[in-house]
Amino acid sequence: QGVLTFYEGEDKLTYKGEFKDGFFDGYGELSFEDGSIISGQFEKQKLNGTCKSVASNGNEYEGYCVNNAFHGEGIFTFYNDDKYIGDFRNGDMHGSGTYYWDNGNKLVGTFRNQKMSSGNIFLPDGEVYKLHNVNGELSVEFIENIKTKQRKKIRDTKQRREKITNLFLQILSIGVGVAIAKESSSYDYEVHQYRKKEEPRECKFMAPTRVRADGTVGLGRYV
């Protein structure tokens, strides 16, 4: 057991916990100057095993880590109260999981490198949509309303398009932060990324198209 304060560049860090042969080894807690805290099982200076991360921006993770990265089963709660429960690989949502939005929408399926790959979206009003991702091109398909038992093809109405647009923005925001419509055009969107300490990045996507003959609604393409 011991306490070590050190610097990485201009950042001041403090480690409290177990040591072995001069390394962080065993259970410990690493505190950063900005208020972020990482705790868990260390092995030769790296997190390996159960771990917990509380970032200064409000993001929290609890689960397993391998070589300092979220890896295995875990729970990630975002600063905006969105939550992901499922598999991680090298710090990203990857594998089977469930993503919960704070408005009650839920997405159950498969994730690949922090993006949704395929799955079903469940809405509080009972509607269920199947999400398709073919080579980065996204579309959704109405499956049924589990409350009313409706399984008819959805109609292309203004209300329906607004609903699909809101789903679209939520899908874009998965794992990156928040998606907002650009003032210059209602057909372009930006995704601002708040992961780690990276600067916000911008990604442009198409807006949802009309309901297609096959019953799907195109959402656009990852670029």
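The residues are numbered from 1 along each chain as its sequence is written, and side-chain values use heavy atoms, with hydrogens and water left out. Because the model is predicted, local features need pLDDT of at least 70 and side-chain atom pairs count only at pLDDT 80 or more, whereas totals for chains, interfaces and linings use all residues.

**View 1. The protein chain as a whole.**
Of its 223 residues, 42% are buried; here buried means under 20% relative accessible area, exposed means over 50%, and partly exposed lies in between, with a 1.4 Å probe and protein chains only. The accessible surface comes to about 12600 Å², and carbon and sulfur atoms supply 48% of that area, as computed by the Shrake-Rupley method with a 1.4 Å probe, with only the protein chains shown counting as cover for residues. Among contacts (heavy atoms within 4.5 Å) with a separation of 6 or more, 21% involve residues 24 or more positions apart.

**View 2**
Strands β10 (106-112) and β11 (115-122) run antiparallel and are joined by seven bridges; two strands are said to pair if DSSP finds at least two bridges between them. Within this pairing, Val-108 stands opposite Asn-120 in β11. The two strands form a hairpin with two residues between them, and Asn-113 in that turn has a positive phi of about 50 degrees. On its other pairing, β11 meets β12 (residues 127-134) in the antiparallel sense over four bridges, and these strands also form a hairpin, with four residues between them and with Gly-126 in the turn at a positive phi of about 100 degrees.

**View 2. Gln-114 and Lys-106.**
Gln-114 lies in the loop between β10 and β11 and is buried, with a relative accessible area of 10%. Its C-alpha atom is separated by 8.8 Å from that of Gly-91, a residue 23 positions away along the chain. Elsewhere in this view, the charged end of Lys-106 sits over the ring of Phe-122, 5.4 Å from the ring centre; a charge sits over a ring if NZ of Lys or CZ of Arg is within 6 Å of the ring centre and within 35 degrees of the ring normal.

**View 3. The disulfide.**
A disulfide, defined as a pair of cysteine sulfur atoms within 2.5 Å, joins Cys-51 to Cys-65 with an S to S distance of 2.0 Å, and by this rule the count comes to one. The link is right-handed, with 75 degrees about the S-S bond. It connects distant parts of the chain, since Cys-51 belongs to strand β5 (residues 46-54) and Cys-65 to strand β6 (residues 60-66), 14 residues apart. Cys-51 is buried at 6% relative accessibility, and Cys-65 is buried at 2%.

**View 4. Aromatic rings.**
The structure holds 16 aromatic pairs, where rings of Phe, Tyr and Trp (its six-membered ring) pair if their centres lie within 6.5 Å, and planes under 30 degrees apart count as stacked, over 60 as edge-to-face and the rest as tilted. One of these pairs is that of Tyr-15 and Phe-19, which is edge-to-face at 5.1 Å centre to centre and 85 degrees between the planes; Tyr-15 is buried at 0% relative accessible area, whereas Phe-19 is partly exposed at 32%. Tyr-99 and Trp-101 form a tilted pair, 5.3 Å centre to centre with 55 degrees between the planes, and Tyr-99 is buried at 1%, as is Trp-101 at 5%. Ring pairs also link a cluster whose members include Tyr-61, Phe-70, Tyr-99, Trp-101 and Phe-111.

**View 5. Two loop residues with positive phi.**
Most residues other than glycine have a negative phi. Asp-21, however, has a positive phi near 55 degrees; this residue is found in the loop between β2 (11-20) and β3 (23-32) and is exposed, with a relative accessible area of 70%. Asn-68 likewise has a positive phi, near 75 degrees, and lies in the loop between β6 and β7 (69-77), where Asn-68 counts as partly exposed at 45% relative accessibility.
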